[in-house]
Amino acid sequence: MEPITPIIGIETLPAWLCWLFPLVGALFSPILAKIHPKVRDYGAVFFSFLSFLMAAMLIPLLFNIELLPKWEILPWIDLEGLPVLSKIEMGVLIDPLSIIMANVIAFISLLIMIYSLGYMKGDPSLTRYWFFMNFFIGSMILLVMSENLILTLFGWEGVGLCSYALIGFWYKDSKKDYIERWVGEPPEAYPPSHCGMKAFITTRIGDLSLLLGALIIVAFTGTLSYIGLLEEVQHLPHESMWILVPAAIFFFGGPIGKSAQLPLMEWLPDAMSGPTTVSALIHAATMVNAGVYLVGRIFPIIYVGSTVYPEMISFFYVIAWIGVLTAFVAGTQAMASNEIKKVLAYSTVSQLGYMMLALGVAGTTLEFALGYTAGVFHLMSHAVFKAALFLTAGAVIHAVESRFLHHMGGIRKEMPITFWCMSLTAFSLMGVPILFSGFWSKDMILESTLLAGQPLIFILAAVTVAITCFYSVRMIALTFLGKKSDRIHEMEDGGHHVHEAPKVMWIPYAILAAVTLAFGIGSIFPYNGIGIWLEHTFEGYLSKFIEIEHHLSPVSISATEAALPQELAVLMTIVSSLTMLLVGTWIAYRLYVKRTVDPEKLVGSRSALKSMWTFLFRRWYINAFFYKVFIYPTISISRWALKHIEESGIDKFNYVVADAVKSFCSRFRRTHTGVLNYNVIGMILGFILLIILMFVALVW
Amino acid sequence: MILEDNSFILLQTILIPAAFSVVALVAGKRLKEKTGWVSFIVLLYSSILLGYVQLKLFLEPSFEALEASYTWLPDIGAFSLGNFTLRADGLSTPVALIITILCTVISIYSIKYMEHEHSLERYFALYLIYAAGMIGTVLVTNLAAFFVFFELMLIPSWALIGVWGTGLKERVAFKYFMFTEAGALSLLAGIVATGFIANTFNIFEISQGMEGIALGTQLAIVVAILLGLFVKMAIFPLHTWLPDAHAEAPTPISALLSPAMIGIGGYALIRIVYTGFPAVITAQTPQFMLILSFLALITMVYGGYMALAQDDIKRLLAYSSISQMGYMLFGIASVSTIGVLGAVLLYVSHGLAKAVLFMVSGVLIHEFKTRSIKELGGLGPKMPYTAVATLMGFLGLMGFPFIIGFWAELYIFTGSMYTALQGFSYLIEPNTIRILITSLAIIGSILTAGYGLWTVRRVFYGQPTEKTMYAKEGSAIMLAPIIVLAALALILGIYPGLVATGASKYISELLSSLIPIL
């Protein structure tokens with residue numbers, strides 16, 4: 001490895017400012033609100049624009065990867081005499097991953113902030129809204145820019161707090177708002193404040209697991225700096241490395257929680273009770289990617305570790321399998337959901353599963369660059385198209401004032417721009433060939449599973465493509481096509497007409513739709529398309545740290561032997577993904593666009609279909625399981641323990657002792673009668689006792 | 001470098017509040033609740049003095065401690081109680097400083113909260129003595145004097161609960177007194193035994209005096225001392241006095257009892273047992289500190305569970321304090337510099353966060369005359385400052401970054417994990433059971449997030465209830481102390497070095513003194 005020296009200079013300044021500006025902007029919101037609400041609104045957008053500018057200034061570095069990584073550290077905590085964690089620095093790390101992440105975040109945030117100007121217009125608590133939005137953007141960019149895990153945790157928990165506060169933004173939980181602002185249907189209908197808490201606590205469980213893993217790592221290596229860990233992991237004593245395997249897997253708990261993977265996935269669909277802008281920014285495009293980012297961040301560390309200690313590779317298998325199972329399970333859940341945002345939320349979970357699985361399989365093979373790039377590329381393209389999908393969904397919800405799909409329908413004519421933007425971005429989600437970014441990134445993922453010799457994962461991932469197409473087409477058909485719903489008719493009778501979203505709303509998602517097309521078209525060129533270029537960038541950059549020829553991991557070599565030759569893999573990927581695309585689309589087209597069979601009657605007619613539908617609608621009973629097994633028992637155990645252990649156990653014991661002393665005293669008191677005769681008898685008895693005692697003592 | 005306290009800084013921080021309690025008693029008859037300002041100024045003076053010492057510790061790397069020694073009681077034959085010694089070092093200064101800061105801001109809070117109460121001159125007189133007792137307990141390094149101050153913080157607080165409390169206040173105050181007194185007697189037994197066996201009452205000379213004494217004897221003494229301290233800290237199962245006392249005490253006193261006073265038990269554990277009984281700390285058979293870790297784990301989980309089941313907001317906070325003391329003990333029992341440093345940081349973070357939360361509960365009680373969470377709701381938009389402060393308080397308890405609680409819990413758990421995996425010097429081997437206990441403790445801390453956020457949701461989210469329909473923000477004089485403490489927690493969270501620099505230096509020396517020189 002080349003010696004790397006910290007560079008301090010003006011060129012790293014944007015890396016600091018791109019997260020400092022929004023954080024400062026958050027503090028300005030309450031101040032600017034005192035001047036005028038308009039100043040506050042535009043001020044908030046301005047700060048996110050500054051952050052966007054700063055992030056964009058880092059892009060040129062992507063073309064000079066020989067200069068990377070650059071990092072700059074400032075002293076933060078410097079304590080004497082601690083064996084570990086005695087020095088913690090505040091630092092930024094500039095490398096391809098952080099530059100790409102920061103730009104994705106800053107760009108999409110800016111568009112969503114602009115969209116918010118229209119979407120949130122007239123809300124009474126906008127100061128709070130802007131505060132948390134800007135605080136979120138700052139924390140999120142801090143998370144990706146920071147150079148060590150401690151600073152990452154600041155961003156990590158910061159975005160968690162914003163997510164909590166913004167999901168529960170409409171704090172009133174009023175029954176009146178059920179149609180628009182709750183999430184789910186009975187028996188799983190939740191008000192916003194419940195969902196916010198659920199999100200925070202679920203991700204917190206993951207975070208504690210992450211903390212546990214990180215503490216084991218720090219106790220061994222003495223550092224939590226990513227660059228430091230990369231060096232350290234190669235020089236660890238071999239006999240103690242076994243503990244790093246569970247440590248890494250515990251560490252993965254954090255990404256599982258944040259990126260809503262199995263088994264901690266159920267908070268994300270319920271997070272949809274927040275404003276749609278929040279769903280788009282936090283729960284689709286940025287925060288939920290933090291888990292994928294963190295895995296990508298520690299990927300080289302674990303990968304290098306597995307060259308020294310082959311068992312480390314099980315970490316990657318865990319990731320790959322959790323990813324693919326999540327992709328499949330969440331995809332099927334999306335097929336049965338009746339809410340437009342919830343369909344998109346399940347879809348987000350499913351797509352995050354794809355990214356995880358790409359990073360997972362990448363670690364099991366020598367050709368790590370393909371899977372790694374596929375994960376990051378899919379993250380980029382998903383962030384763009386899913387943000388657009390949410391924003392269009394928000395426009396529709398705004399128009400029909402309901403979150404339910406069966407309250408929509410037949411509004412294609414009224415909202416043509418929204419319809420086209422949603423369709424184009426949904427094509428990207430489905431992976432429609434050539435023109436759309438989703439096609440390229442998803443195929444790259446499928447290809448990497450084959451090249452890593454994981455046929456089972458490949459099959460599950462390919463089936464999920466069909467599922468994705470099914471729910472995407474279903475969603476568009478139910479939203480825009482077919483007949484107008486009764487609710488829309490009612491609205492029209494009442495004089496309300498569904499109309500296109502205002503410019504400030506549709507321009508942002510039109511831009512996003514254009515970007516997803518641009519990514520797609522930009523990837524067509526066989527030798528210098530975006531995907532290929534990314535792969536070269538990451539390969540060039542990561543190979544600074546990972547020396548392939550020293551990679552002696554037997555597991556990965558055997559996996560590579562099982563892999564297909566590349567040409568065959570590419571061919572199989574294209575054929576199977578196209579087949580799956582056609583199958584899923586065709587079924588959904590027949591059911592929901594052509595309506596040759598009425599889907600509701602179809603489900604009602606067969607009991608097997610009916611119970612399957614219920615199973616999917618009840619989210620595989622995963623959500624119910626967590627409530628039944630963890631939440632309710634915890635509360636009832638605590639109440640039981642309060643009553644039986646605390647009150648009638650420990651505390652009762654105190655009173656029993658006190659009462660015993662009291663009753664002994666009151667009985668003993670009776671002997672103190674003051675009657676002379678008794679006293680004399682007592683005296684005589686006492687003397688006798690004394691004499692006996694003295695006697696015993698003398699003899700003994 | 002240890003400096004002599006030539007300008008009586010340490011003596012002043014204790015004696016001036018104590019002396020002014022007489023002034024408060026006399027002048028308070030006319031000043032009524034305005035006596036609070038007298039108490040504020042007096043305690044502010046103490047805070048400034050200690051703040052100066054803390055700043056010096058932070059800025060001057062060579063400065064170690066400020067020490068003072070005075071002769072107090074004459075020797076009786078060969079028996080000597082030793083000098084009355086005070087010491088402000090990296091360990092005691094932050095603890096004492098937090099106590100004085102809390103006492104300072106809470107005296108302002110008392111002005112409003114207690115305005116309609118009777119005989120406020122006595123309230124503030126007792127308040128000042130109570131403050132002096134707590135500061136003295138922390139600064140003093142003579143065991144006999146330590147006991148005197150230990151009792152001095154008990155008696156005024158007993159009276160404060162018994163006279164100005166709510167509900168069954170006399171009964172609760174009596175329970176509090178009996179529990180703590182029973183513990184104090186055990187502590188006294190330990191102190192006397194130490195005095196006779198080691199032939200000294202000076203904490204820093206005990207370890208020399210204990211050389212060559214059998215481990216069993218030392219263990220017995222430590223157990224006696226710990227019984228006293230554990231009652232004060234409310235470690236399971238000696239905790240039952242605490243929910244009663246904290247719930248029924250007048251809220252400003254709850255906001256001192258819980259954050260400032262009970263943690264002194266943990267502080268004393270470091271000060272007395274770590275300094276005086278190194279053999280016990282590093283004992284291998286039995287692994288005494290591992291047992292304490294286990295006890296700490298039970299306390300933190302049990303306290304969390306109990307907090308989850310509460311409807312009375314002050315009882316909820318009280319059980320949360322029990323849980324937090326479990327964290328503190330967990331850090332102390334880790335036998336590592338990192339963990340003990342974490343315990344000191346936890347004292348600071350719990351002090352700030354819990355004082356904020358108790359004061360918030362006081363605002364709610366003051367506005368709505370109820371402690372039941374069921375009767376509250378939908379307060380967020382009506383009381384935004386209170387809502388933000390509450391959220392910050394609970395985030396501090398659950399170890400959220402940006403707030404000092406994060407560093408406390410990070411260091412506590414890292415310390416315990418470090419000892420579990422790497423051991424401590426050659427004295428303590430890596431231990432699988434400790435890995436398990438630490439893992440459980442980390443996972444168990446989800447309970448803190450659970451009861452915290454649930455409380456925030458029940459009080460501040462949702463629809464307003466009958467009582468809260470016409471709610472408005474609490475008065476500025478009650479909010480100001482809350483905001484000051486919350487801001488302090490935030491500042492220390494972003495830059496913990498202000499507290500940790502001096503503490504880590506002292507603690508690392510303390511821990512290396514545990515290793516016998518061969």
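Visitor: What share of the contacts in chain A between residues at least 6 apart in sequence joins residues at least 24 apart?
Guide: That share is 81%, where two residues count as in contact if their C-beta atoms, placed from the backbone, lie within 7 Å. This is a predicted model, in which local features need pLDDT of at least 70 and side-chain atom pairs count only at pLDDT 80 or more, while totals for chains, interfaces and linings use all residues. Residues are numbered from 1 along each chain as its sequence is written, and chains are lettered from A and ligands numbered from 1 in the order in which they are written.

Visitor: What makes up the secondary structure of chain A?
Guide: Chain A has 28 helices and two strands, these being DSSP runs numbered from the N terminus (H or I with at least four residues for helices, E with at least two for strands).

Visitor: Why is helix 2 of chain A called roughly parallel to helix 5 of chain A?
Guide: The axes of helix 2 (residues 37-56) and helix 5 (residues 126-145) of chain A come within 10 Å and cross at roughly 10°. Angles under 35 degrees count as roughly parallel, and therefore helix 2 of chain A is roughly parallel to helix 5 of chain A. Among the residues making the contact are A:Phe47 of helix 2 and A:Trp130 of helix 5.

Visitor: How do you know which residues of helix 21 of chain A are buried?
Guide: A residue is buried if 20 or more other C-beta atoms lie within 10 Å of its own; the residues of helix 21 of chain A that are buried include A:Trp506, A:Tyr509 and A:Phe519. Their cover includes helix 4 (96-119) and helix 22 (530-542) of chain A. Across chain A, buried residues make up 55% of the 700 residues.

Visitor: What makes the span of helix 21 of chain A close to the expected one?
Guide: The expected span is 1.5 Å times one less than the number of residues; helix 21 (residues 503-522) of chain A has 20 residues and an expected 28 Å, and its first and last C-alpha atoms lie 27 Å apart.

Visitor: How many residues of chain B touch chain A, and of which classes are they?
Guide: In chain B, 39 residues are in contact with 42 residues of chain A. The chain B side divides into 23 nonpolar, 14 polar and two charged residues, with Ala, Val, Leu, Ile, Met, Phe, Trp, Tyr, Cys and Pro counted as nonpolar, Asp, Glu, Lys and Arg as charged, and the others, Gly among them, as polar.

Conventions. A residue is buried if 20 or more other C-beta atoms lie within 10 Å of its own, exposed if 12 or fewer, and partly exposed in between; C-beta atoms are placed from the backbone. Axes are lines fitted to C-alpha atoms, for helices over the stretch in contact, and angles run from 0 to 180 degrees between N-to-C directions. Angles under 35 degrees count as roughly parallel, over 145 as roughly antiparallel, 65 to 115 as roughly perpendicular and the rest as oblique.
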